[in-house]
Amino acid sequence: MKKRSRPFWFLYALLAVSLPPAAASAAAPPAVCASGPVAAATANASSESTLLLNLFGREETGWLFYVPLIANETHTECPAESPGFAKALAIWQSAHGLPPTGTVGTATLQKLKQVWQAKRTFVVESAHRCPAPPAESALSQAAPAESYGGKQIQLRTEALAAYRNMVAAARKDGVLLNAQLLEIFSAYRSPEYDAERCAEQHNCQGVVRAACSAHRTALAMDVYLGAAPGFGPDSSADINRLFISKTAAYRWMVKNAARFGFVNYAFEPWHWEFVGQKASR
Ligand SMILES: [Zn+2]
């Protein structure tokens, strides 16, 4: 008697029950991602690595680097090339006075930048006047284990406390895959220190560092999130920024840092500022 073979779907059913939910969703995007404007998804798939843009005073090619931030802003888990991503973006565009095309273009990126920058208290304040540095008594010293490369790190006391809560949560969520992740490599820098460094190294970052850096507030920190081979953790080379944008730790930060009061400077994945409750508004 011929042995009856099991239908092919049996294998899938077996896989579905044997895989934990996280592994199953990593293997394939959720079904909801297939639903949405297909033409917009096709346009996004071609522009994500070709669109010429200049959001932060420097030319960039493609918007792939910004995908985690865009996905977080539009409340989607779908891949950038999917109809579901385009659908979520169209809803966001509509809510922000833009034509709901579902495609990522210059006007949409400019609007996203506006929303991101508006959350940075430093940017809002420094448009009027450069914030004064804090009193010495408002500063706390990070522990050696919290500092990248053993540097002296100081933050405002409330920012350091929030940072510690955030690191504990990241550790619990299992995204700190090596011991150095989320260590701080730069925090408070006095205006005098920045002016000196600018003169010495002939590196004034377009005079921003010398004139008025967010680091003078002691609420800004640069955290280690890895680096592309051959690059430093704060190299603004596109290849390095794209590398960092794909790490689990950065993606976790994009989704979770606001709960602890931190917002990102969208151009620099390593740079985070403590703004308190304003972060999640
Ligand atoms: Zn910084």
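## The β7-β8 hairpin

Strands β7 (residues 262-264) and β8 (residues 271-274) form a hairpin, with six residues between them. Helices and strands here are DSSP runs, numbered from the N terminus: H or I of at least four residues for helices, E of at least two for strands. The two strands run antiparallel and are joined by three bridges. V263 has E273 of β8 as its bridge partner.

This is a predicted model, in which local features need pLDDT of at least 70, side-chain atom pairs count only at pLDDT 80 or more, and totals for chains, interfaces and linings use all residues. Residues are numbered from 1 along each chain as its sequence is written.

Strands count as paired if DSSP finds at least two bridges between them.

β6 (residues 220-223) and β8 run antiparallel and share three bridges. A220 is the bridge partner of E273. M221 stands opposite W272, and D222 opposite H271. On the β5 side, two bridges join β5 to β6, again antiparallel. There, S186 stands opposite D222.

Which residues of β6 lie on each of its two covered faces? A220 and D222 are on one side, M221 and V223 on the other, and all are buried. A residue is buried if 20 or more other C-beta atoms lie within 10 Å of its own, exposed if 12 or fewer, and partly exposed in between, with C-beta atoms placed from the backbone.

## The nonpolar core

The largest nonpolar core has 60 residues. Such a core is a set of buried Ala, Val, Leu, Ile, Met, Phe, Trp, Tyr and Cys residues, joined through C-beta atoms within 7 Å. L155 and F262 have the most contacts inside this core. Domain 1 (30-118) and domain 2 (130-280) both give residues to it, so the core lies between them. These bounds come from an automatic or database domain assignment.

L155 touches S140, A142, L160, Y163, A187, Y188, A218 and M221, leaving out residues up to four places away in sequence. Contact requires C-beta atoms, placed from the backbone, within 7 Å.

In helix α12 (residues 248-256), A249, Y250, R251, W252, M253 and V254 are buried. Their cover includes α4 (67-73), α8 (157-172), α11 (238-245) and β7.

R259 lies in the loop between α12 and β7. Is R259 buried or partly exposed? It has 13 C-beta neighbours inside 10 Å, so R259 counts as partly exposed. R259 and N165 are 94 residues apart in sequence, yet their C-alpha atoms are 10.0 Å apart in space.

## Positive phi in two loops

L182 is not a glycine, but its phi is positive, about 75°. L182 is found in the loop between α8 and β5. It has 22 C-beta neighbours inside 10 Å and therefore counts as buried.

A218 also has a positive phi in a residue other than glycine, near 65°. A218 is found in the loop between α10 (208-211) and β6. With 25 C-beta neighbours inside 10 Å, A218 counts as buried. A218 is among the residues that L155 touches.

## The α3-α5 crossing

How do the axes of α3 (residues 38-47) and α5 (residues 83-95) cross? They come within 8 Å and cross at roughly 100°. That makes α3 roughly perpendicular to α5. V38, A40, A41 and N44 of α3 make the contact with P83, F85 and A86 of α5.

Axes are lines fitted to C-alpha atoms, for helices over the stretch in contact, and angles run from 0 to 180 degrees between N-to-C directions. Angles under 35 degrees count as roughly parallel, over 145 as roughly antiparallel, 65 to 115 as roughly perpendicular and the rest as oblique.

Note on methods
Contact = placed C-beta atoms within 7 Å.
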